[in-house]
Amino acid sequence: MIILFVALPLVVAGILPLVGKVSRRVVPDLLANAALLFLLVYAAITGRHLIAGGPVLQQLSWFGEPVAIRLALDGFSLLMLLAIALVGLAACLFSIDYMEHYGAKANYYALFLVMIAGMNGLVLATDLFNVYLFMEVAAVASYALVAFGLGRDELEAAFKYLLLSVVATAFILISVAVIFGMTGSLDFAAVAKALQELNAGAAVGVASAFFLMGFGLKAALIPFHAWLPDAHPSAPAPISAVLSGLLIKVSGVYAMTRIFLNVFGLTPALSTVLMSLGALSMVVAAFLALGQKDMKRMLAYSSISQVGYVVLGIGIGTPLGIAGGLFHLFNHALAKGLLFLTSGSVQQATGTRDLDEMGGLAKRMPITAATNLVGALSIAGVPPLNGFWSKLIIIIALVQSGHPVFAVIAVLTSVLTLWYYLLMQRKAFFGKLNEKWAAVKEAPFWMTAATVFLALLCVGIGILFSSTVTTWIQPAADVLADGVHAVIGSWGF
Amino acid sequence: MTPKMLLLPILLPAALAVVLLVIPRTLRLVRNALALAGAAVLLYYGFVFFALKDLRFNVPWLGMGIDFDLRLYHFSSFILLALAGFLILITLYSTVKMKDAPRAREFFAYVFLTAAFANGAVLANNFVPLVFFWEGLLVTLYGLITIGGRPTSGRTAVKALLISGFCDFSMILGIGLLWTVSGTLTMSQVSVEPTGLAAVAFVLMMIGAAGKAGAMPFHTWIPDAAVDAPVTFMAFLPAAFEKLLGIYLLARISLDFFKLRPGSGLSVLLMVLGAVTIVLAVLMALVQKDLKRLLSYHAVSQVGYMILGIGTAVPFGIAGGLFHMINHAMYKCGLFLSAGSVEHRTGTTELKKLGGLRKEMPLTAFGFTVCALAISGVWPLNGFVSKEMVFHGALESGYTVFAIAAWVGAIFTFASFLKAGHSVFFGERTREIPAVKESQPAIVVPILVLAALCILFGVYNKLPLTLFIQPILAGHVEAGAHLDFTSHALDIFNPVALISIGCLVLAFLLHRHGFLKSGRKPYLASEPVHNLPVVHKLYDLAEARVFDPYEQGVKVLHGLSLVLYKAVDRPIDFVFEKVVTVAGEKFTAILRKAHNGHYANYLAWCLAGLIIVAGAISLLAK
């Protein structure tokens with residue numbers, strides 16, 4: 001029942017506004033978290049049994065009639081589902097306390113679940129139009145969530161986000177139209193097969209460029225990134241966590257990877273362009289992060305930089321590179337989710353996001369400071385945390401595939417990363433306590449619990465990295481490393 | 001008596017140390033009783049082992065020829081007995097003297113731990129256990145000095161640790177070299193000719209042994225410790241234990257491990273080391289104004305006689321050196337304990353403030369006098385006998401100059417003790433110190449026991465010489481050689497003895513001259529020597545620690561680290577601190593300026609990116 005991944009959050013999202021009329025807090029809290037907990041358990045425990053015999057495909061039908069929606073689950077999708085469920089659950093737990101003062105909790109959870117449903121659907125989609133469709137579902141929910149605070153900045157950011165996203169989806173739609181025109185089909189397998197026979201280089205090149213711009217915008221690769229540093233910090237903290245941790249990866253990196261590797265096939269030209277874009281994002285965004293005074297903006301730029309790593313790793317195209325890229329995607333989802341949550345704790349406790357105004361908060365918020373440190377060190381790639389291993393795999397893959405220059409850039413960027421994260425940790429948590437915050441208290445229970453949950457995952461995966469890679473990452477990387485054949489050969493009914 | 005009994009002298013004090021550490025302050029009586037009982041048991045077994053003389057305990061340990069190998073034979077049983085004897089005296093003394101010390105528990109624990117390590121080092125018959133026990137002594141050395149509790153105690157403890165550590169390090173290097181040369185780590189099997197690599201090994205191991213005994217230039221922590229550490233510690237380690245251990249090892253090195261030949265280069269090297277130590281240290285001792293510091297310099301100076309004696313490599317000289325070792329341990333221990341007794345009652349050991357204490361503290365005064373006369377080599381005390389033997393040995397080796405150096409040392413030794421004794425116990429009673437009583441029996445008894453032993457070993461020198469010293473040399477003298485030291489005319493009517501007595505007379509005249517010249521102030525009696533034109537400058541430099549290799553080494557290292565800091569570290573730091581960060585910040589500023597928040601701007605980037613990407617794909621695809 002793959003459809004549950006999409007249907008359950010959609011159904012709960014539909015019920016929630018009605019329930020909200022009766023119970024303003026407790027029942028929405030329970031329902032939303034239960035739905036996400038179920039998704040997590042379903043993905044983590046049942047998921048691997050489902051795909052034990054190869055990818056599974058589910059044809060949706062309406063009163064016995066098959067409709068044009070088919071969902072498929074393979075190793076790559078499952079990894080993404082797991083990441084979505086983990087970060088989604090953490091963000092949802094965090095919301096229990098954090099969203100108290102925003103009001104309209106039921107509506108918030110409904111939007112949140114619609115976004116989750118959109119992402120899950122995108123991950124399971126098997127044709128190009130469904131990719132566009134679910135991407136818009138998730139995106140529309142996210143516009144509303146960015147603007148959820150209804151302040152001036154939030155609205156401006158949401159509007160800017162909307163306008164640039166629309167450009168992205170427009171180009172994606174054009175590209176889908178071009179492909180449909182050439183092949184007469186939208187299904188991944190059929191398109192892949194047709195393209196192999198057609199051998200139409202120029203048109204595919206144009207479509208690739210359009211896809212690259214569209215998904216690049218969604219993934220916030222430089223130079224398509226400018227919306228992200230406005231949009232992500234403006235949203236409520238749990239939404240920032242989901243946007244930065246999941247949405248840019250699902251609607252950007254996942255879609256891009258799926259189409260380029262499994263449908264178009266990764267040509268050397270595409271590989272070079274992807275790696276260059278990844279390296280550029282990595283370096284430029286790291287420098288931009290260094291210059292930020294706003295904690296969440298720094299995190300947002302850091303997301304751009306880390307997505308650069310992921311794209312660089314996947315762009316190599318070798319099995320090890322893909323595995324490293326996917327592992328980093330997973331690790332970054334956890335760590336960046338964690339960091340946005342801790343920044344939310346800090347913002348709620350102090351009312352500011354300005355790093356210069358903070359200082360010494362570790363004395364008042366020891367758990368938040370510790371979890372923040374775990375997340376920061378994980379992204380910076382300090383052993384034995386999870387981020388270290390994925391970066392190491394990417395760098396090894398770069399060297400093995402004969403790209404020593406990119407490898408050096410990756411290493412130097414991780415130094416830059418460590419630099420701005422230590423800057424953040426020192427300015428916010430270490431040093432002398434700013435007297436303004438003498439009365440600050442540790443974050444409430446659920447907020448702390450959510451960050452501790454993610455921090456423990458970061459540490460645990462770092463220590464058990466080899467078993468994580470063999471259980472979750474390798475099946476996903478295998479699907480991608482098989483290239484076009486994975487789609488053509490194995491979409492069994 | 002099973003071989004396992006050899007573990008007793010190591011395990012018993014170690015276990016006792018742990019117990020003593022945990023007994024609370026309030027149970028002081030129990031602590032004292034336990035410590036004394038333990039020391040008594042050790043002394044009893046010291047006698048038992050001495051009578052037994054031959055026992056071996058050997059279990060495989062780390063492989064590679066590294067066994068836990070303990071061997072009891074004549075020499076080690078003699079040192080073991082001596083260690084046990086000093087331990088019980090020091091323990092008895094400490095029960096009163098350290099009663100109210102703030103870290104008394106630690107003190108007792110360290111003392112017994114030291115005893116455990118020292119016994120282990122003496123019994124070890126494999127170099128690796130030897131090094132293990134030898135290094136263990138460093139820990140307690142450090143701990144005991146810090147118990148002094150003065151502001152500079154920590155610094156002195158570090159100094160002692162570093163100097164001893166350096167000496168031990170060279171000893172380990174020497175042992176490593178010796179291992180490669182001899183191919184075995186079992187001490188009783190090693191016997192090599194000191195040539196080539198083995199000569200280097202000899203010098204390195206000699207540094208280790210001489211450093212432990214406190215010879216120059218590894219002595220500089222001892223005078224500092226005299227002020228900073230408890231006086232009981234001085235009587236315990238630098239005066240007794242370390243001399244016994246260091247000279248024991250030096251004798252093993254020159255007698256067993258290496259075949260040291262009379263007149264060889266290494267023999268001369270040892271004699272030079274001994275002679276220099278005798279003369280320089282005694283000159284420093286002469287001008288000291290504090291009794292404890294004065295005694296500490298003598299503790300250095302007297303090592304010179306032992307090293308000189310062993311360095312002669314002739315049987316008579318070696319026997320003299322070894323006899324001097326046990327004699328020195330007795331009278332120097334007695335002297336430090338007397339100084340401690342004075343300090344216990346008057347609260348000071350400054351010569352200027354003391355005077356005429358013989359009436360109030362007659363027993364301490366008696367003990368001090370006997371020991372002082374013994375160290376000065378006055379007939380018929382033990383110091384006279386062993387010094388005579390060293391003089392004879394030096395002359396026999398053919399290097400008269402070393403005998404002369406030893407005699408010069410004797411002059412100033414007596415002169416400085418005339419000054420010390422005169423200042424503290426004789427002369428006029430000063431008014432600065434209120435009326436005092438004689439110290440408690442637990443303090444006086446050890447002093448008197450040591451004084452009595454000094455007399456016994458002097459008058460009946462046949463007894464210790466035949467009982468303790470002579471068997472050590474068995475097997476090391478060529479067959480048929482003369483081995484009867486006692487018949488070697490150790491009476492006062494021979495030229496050597498007459499010269500020695502002449503030296504004593506000279507010393508008396510020197511003291512009298514200084515005493516009268518300084519206006520009958522005994523503590524200024526050394527001023528005429530002190531104020532000699534060039535000598536005065538040298539003394540000032542010495543007091544400023546210019547000749548202290550440790551202090552100078554520390555200065556050099558400070559300078560070196562400063563140079564490295566300024567020339568290497570700062571420039572590198574500048575690159576990171578200024579060049580990299582400023583460049584990074586500049587670049588960041590440029591990038592930030594580009595992000596001006598205009599939607600059109602951002603859209604333009606996207607379109608430009610699209611064109612570039614499309615161009616790149618089409619270009620690369622061809």
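Helices (H or I, at least four residues) and strands (E, at least two) are taken as DSSP runs, numbered from the N terminus.

Residues are numbered from 1 along each chain as its sequence is written, while chains are lettered from A and ligands numbered from 1 in the order in which they are written. Because the model is predicted, local features need pLDDT of at least 70 and side-chain atom pairs count only at pLDDT 80 or more, whereas totals for chains, interfaces and linings use all residues.

Chain A has 19 helices and two strands, and 63% of its 493 residues are buried, a residue being buried if 20 or more other C-beta atoms lie within 10 Å of its own, exposed if 12 or fewer, and partly exposed in between, with C-beta atoms placed from the backbone. Of the contacts in chain A with a separation of 6 or more, 80% are between residues 24 or more positions apart.

The largest nonpolar core has 214 residues, of which A:Leu79, A:Val87, A:Leu113 and A:Leu122 touch the most other members; such a core is a set of buried Ala, Val, Leu, Ile, Met, Phe, Trp, Tyr and Cys residues joined through C-beta atoms within 7 Å. Helix α3 (residues 75–98) of chain A gives the most to this core, with 19 residues. A:Leu113, when its neighbours within four places in sequence are left aside, is in contact with A:Pro9, A:Val12, A:Ala13, A:Ala32 and A:Ala35. Apart from this core lies another, of 199 residues, among them B:Leu80, B:Ala118, B:Tyr331 and B:Ile411.

Also in chain A, helix α5 (residues 128–146) and helix α6 (residues 152–183) pack at an angle of about 175 degrees, with their axes 10 Å apart; axes are lines fitted to C-alpha atoms, for helices over the stretch in contact, and angles run from 0 to 180 degrees between N-to-C directions. The angle therefore makes α5(A) roughly antiparallel to α6(A), since angles under 35 degrees count as roughly parallel, over 145 as roughly antiparallel, 65 to 115 as roughly perpendicular and the rest as oblique. Residues making this contact include A:Tyr132 and A:Ala139 of α5(A) and A:Tyr161 and A:Ile172 of α6(A), and they divide into 15 nonpolar, two polar and two charged.

Chain B, with 22 helices and two strands, has 51% of its 622 residues buried. Its helices α9 (residues 231–257) and α11 (residues 291–311) pack at about 10 degrees with axes 11 Å apart, which means that α9(B) is roughly parallel to α11(B). The residues of their contact comprise twelve nonpolar, two polar and two charged.

Elsewhere in chain B, B:His392 is found in helix α14 (residues 382–397) and is buried because 25 other C-beta atoms lie within 10 Å. Its C-alpha atom is separated by 7.3 Å from that of B:Val496, 104 residues apart along the chain.

Terms used: Two residues are in contact if their C-beta atoms, placed from the backbone, lie within 7 Å. Ala, Val, Leu, Ile, Met, Phe, Trp, Tyr, Cys and Pro count as nonpolar, Asp, Glu, Lys and Arg as charged, and the others, Gly among them, as polar.
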